[in-house]
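Me: I've got a model open and I'd like to learn how to read its helix packing. Can you walk me through it?

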Amino acid sequence: MLTVWAILIDGFIYASWLFLVAAGLTVIYGVMRILNMAHGSLYALGAYAAASALGWYYSGGGENLVMAFAIIAASAILIGALTGLAIERGILRLMYGRDEILMLLITFAVLLILEDVMKLIWGTTPYFAYQPYAALGRINIDVLTVSRYDLLVLVVSVVIGVGLWFWLERTKIGKILRSIIHDREVSEAMGVNVRRMFTITFMIGATLGALAGGITAPIISVVPGLGIEVIVLAFAVVVTGGLGSITGAAVGAVIVGLARATSIHTMPELELFIIYAVMAGVLIFRPHGLFGQVIARKI
Amino acid sequence: MKNSNQRPIWQKTLLGTATSVAMASVGVMGMAATASAEESFKVGFVTFLSGGASGPFGVPAAQGAEIVIKAINEGSLPAPYNTKGVNGLTLESVVVDEAGGPTKQVEEYRNLVQRQDVDAVIGYISSGDCLAIGPVAEEMKMFTIAFDCGTSRLFQEIEDPQYMFRTGLDAVADNVGAARYLAETRPDAVRIAGIQQNYAWGQDSWQDFTLAMAQLMPEAEIVNNQTPQLFQGSYSTEISALQTERPDIVHSSMWGGDMESFTAQANVRGLLSQATAILTTGESGLHRFDGQAPNGTILGGRGPFGGFMPENDLSEWFTQTYVAEHGTPPSYPASKAAQAVLALKFAADSSGAEGVPSSEQLAAALKGAEFESVSGTVRMALAGGHQALQPMSYGEYHFENGEAELRNVRSYSGECVSAPDGYNAQQWIKEGFPGVDCN
Amino acid sequence: MILEKSEISLIGAAVAIALASLVVPNWLVFTATLAISTALVVMGVVMLMRAGLVSFGQGLFYCLGGYAVGLGGRYLGITDALLLIVLGVAVTVGVAMILGLLVTRYREIFFAMLSLAFSMILYGLLVKSHGLGSTDGFGVVDWTILGFSPGSGESSSRTALLLALGLALGIALFLNRYFRSSLGLACEAIRENEVRVEYMGVSRKQVLYINYVIAAAVGSIGGSMTALAAGHVDPTMAYWTISGEFVFIAILGGTGHVAAPFIAALIFTLVRTYAIELAPNAWQMILGIVLLLIILFLPKGIWSLFTRKKGVAS
């Protein structure tokens, strides 16, 4: 029974983190049809920005926890939005209309460049901004313990998920975006400024990626190559859930999270396969993922 | 399908491209050849400059090597290395990134030897790279020192090595040492768990550790072993899984950022107040934990390196210079890199060669030798004189008033933690350490 | 058999490289061998690309070929290089025939991710195989070819190059014809419009399936050659970043001609090794910028340089 509880708690905590990482990816794909390989680098950028800002704050004698969270959010959002804008305006804009796979490679090139840019800015020494994570402490449940910071990540993740859903489904800009998702050419003909929507979407997606990194920064030690490890995981979640669907990303994250927790608690040696096995399994029965749309074939 | 019309053009261009590529390469070759003129000795230094191993290992190692190389050329090292240069020659280094996997490293190694014309190669943190480079070094007859990689298979795979050396210990020594330290300081521990990165290093370490525990603490029970991905970062689920097993001891061979993250998370989650962690590579976090590891956490440094360096002229000089340059004391990868460079200087100085010593002369000088290093006197006594035999140290982390230090340090002699020559390490442990000498 | 002009050029280029190997420095011989082996795998990626499929899991077959050589030498006692390569192809074709049934039903990103998943599952299996050295991999035994031992040092690397060159030439000649066979053309038609292909009475499933299996076999030969030349195999061969590299080179070269992957692989290898040497801390950035520039200015790959005079690419 203890194990079952542990699996549920761990599974949902991991799922909430996965959703944070995957949300930006799926938003960008849904609207722009770009599978952004550089998403992992944005995650790493956010983590580096938050970790160095926190380091600066704590070394200056700061101790206020609320202030620390404000710093995480501000630094990650700032760097995410700015980098997103730079990538979209500086590179992607020149490339629109290319093949989907070619766009994937363009973002791969961006990833390679960002990896070295980060190394030039932050060096290779790991950044270690544990203070907010340590300060929040833990909750004891029998022999199990849960870190309060992990619970906070869960809450933030739910808030972001609901916020995104509301934004897409209940606001005017969301309606416009959905029209682009549905048929880009027709919405362009109806007077939608698709280019501008692309800029906004990419900035939001990039910001979400950086925010995920910023929120994760106090848990981990921020090292070079961080983004590369995350990106395939995010891809797997998004493909399992169905590309471009927020609900899909959430459900995909929960499935992968629970499957992984089950494997770690019962058969730790299977952990490496489980994510790919879940993805392959889902795709075999639902070729476009759980919530993916089947695109009409054009003759 | 318009190919049919353009053949002559592509043919010409192809030849053109091929020629220019060849010309360019020959050009660079020529430059390399003139650069390594008579009065300098060129060494290739291969270490991680990108990826997750660069921060904790690759870059400190490069910095450690750089400090020693600089001092060698200035002649400012303490005795017995107070002569200028190696065998009187200026020591020049070419640094290469170790990232990209063994196949690519074999290619880069060949480039170093044949295109850059180096006179020796020092490098390799990853065991996979070491295993791939070993046979190539032998084939190309190039004096090569592995400074950090820990696989015990390195000299099992090379029969009768001639050119490949390792100036550090293998991972067997780490884990036998860990088991000995536990048996002496935590004899009542019953439930033993582990967490290792899911790759060869983690698997080998756990295997050697559990084998040694079966000999040294037969009453202890192995309750669980977690194998998270390399560079996973967050270990929330693994920590829960360990907690449900209520261990007394958690053994981990995780390194670098992963090790630091795990320790901090396990500390906050309370796992480390229930259990004591023994971290075989924990020394690299000694000055970075900042109290995030509980006092009493057991750290190893893969030998007498970093915080475990004995007090002697060389180690004092090295620590001071490193602190002055980089603001923090050297961690074990920096000391190990320094040791390899010192081994090179020792081999070159005592080779008796005129001018640039050949690989054969260097190998003959280092084989079975004893040389002074930052870790004390190093005896090249294993693998037919090609691998160092050194003591293994463990100690407890203590953090007070913003200062980190090692307490309760115990050191085990080389013969106590390493299999005698000719023995398969796992076999040696299983048979109850025949020929062991722990005094 | 009457040789076409294009084929004569290929043979000419192969002979030229073989002769050049006698005079160029040894490191270039080794680099060229690896580049040719890589190009063979890339060729498989290109074959799939011609049918509109992008595989992020071609490393699966590359790795199978490499491990077949390693294991065949170590456990079956086979030392003949050609036999080892054939062993690799046999295993790979077997695996590809099973996987092909499933993955050829998928398109676009789903094909990419599914092939990636299978490649990563193999990676996971190998990492878990402690007996096979896990991530450290293991060394390949000294090999012979038709009873002749290549010796060691320079003559060994030259023999490896000649072997790679011979295999590559054979494959290139075959694919050159294949691309213009009805099957090869059907692949391109599928990329343009699948539904119309069905209307014409061609089974796209069958076409894609056969194409997939051949691409896998070619990739396996590339993996085997890499293992023979480098003398070491490890699970990284199946890791997704390696597969990504193959796609990278495929785009670099373009799908215009069988020679394109070879030129692209050689340029890629040389750019990378010089970038690593000149800027050890920023070589990834250099690669990224080169890739962006190529996509921007040569959208059909380096090959379009050779066909530019004819205006729009084929």
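Reply: First, some ground rules. This is a predicted model, where local features need pLDDT of at least 70, side-chain atom pairs count only at pLDDT 80 or more, and totals for chains, interfaces and linings use all residues. Residues are numbered from 1 along each chain as its sequence is written, and chains are lettered from A and ligands numbered from 1 in the order in which they are written.

Me: How many helices and strands are there in chain A?

Reply: Chain A has 12 helices and 2 strands; helices are DSSP runs of H or I with at least four residues, strands are E runs of at least two, and both are numbered from the N terminus. Along the sequence the order is α-α-α-α-α-β-β-α-α-α-α-α-α-α.

Me: What radius of gyration does chain A have, against that of a compact globule?

Reply: The radius is taken over C-alpha atoms, and the globule rule is 2.2 Å times the number of residues to the power 0.38. For 299 residues that gives near 19 Å, and chain A has 19 Å, so the two agree. Buried residues make up 57% of the chain, where buried means 20 or more other C-beta atoms within 10 Å of the residue's own, with C-beta atoms placed from the backbone.

Me: What describes two packed helices?

Reply: The angle between their axes and the distance between the axes. Axes are lines fitted to C-alpha atoms over the stretch in contact, and angles run from 0 to 180 degrees between N-to-C directions. Take α2 (residues 39-59) and α4 (residues 100-122) of chain A: the angle is about 15 degrees, with the axes 9 Å apart. That makes α2(A) roughly parallel to α4(A), a label for angles under 35 degrees.

Me: Which residues of α2(A) and α4(A) meet?

Reply: Among them are A:L45 and A:Y48 in α2(A), and A:L111 and A:W122 in α4(A); contact means C-beta atoms, placed from the backbone, within 7 Å.

Me: And at what angle do α2(A) and α3 pack?

Reply: α2(A) and α3 (residues 65-90) of chain A pack at about 140 degrees, with axes 8 Å apart. The contact includes A:G46 and A:A49 of α2(A) and A:I72 and A:G80 of α3(A).

Conventions. A residue is buried if 20 or more other C-beta atoms lie within 10 Å of its own, exposed if 12 or fewer, and partly exposed in between; C-beta atoms are placed from the backbone. Angles under 35 degrees count as roughly parallel, over 145 as roughly antiparallel, 65 to 115 as roughly perpendicular and the rest as oblique. Two residues are in contact if their C-beta atoms, placed from the backbone, lie within 7 Å.
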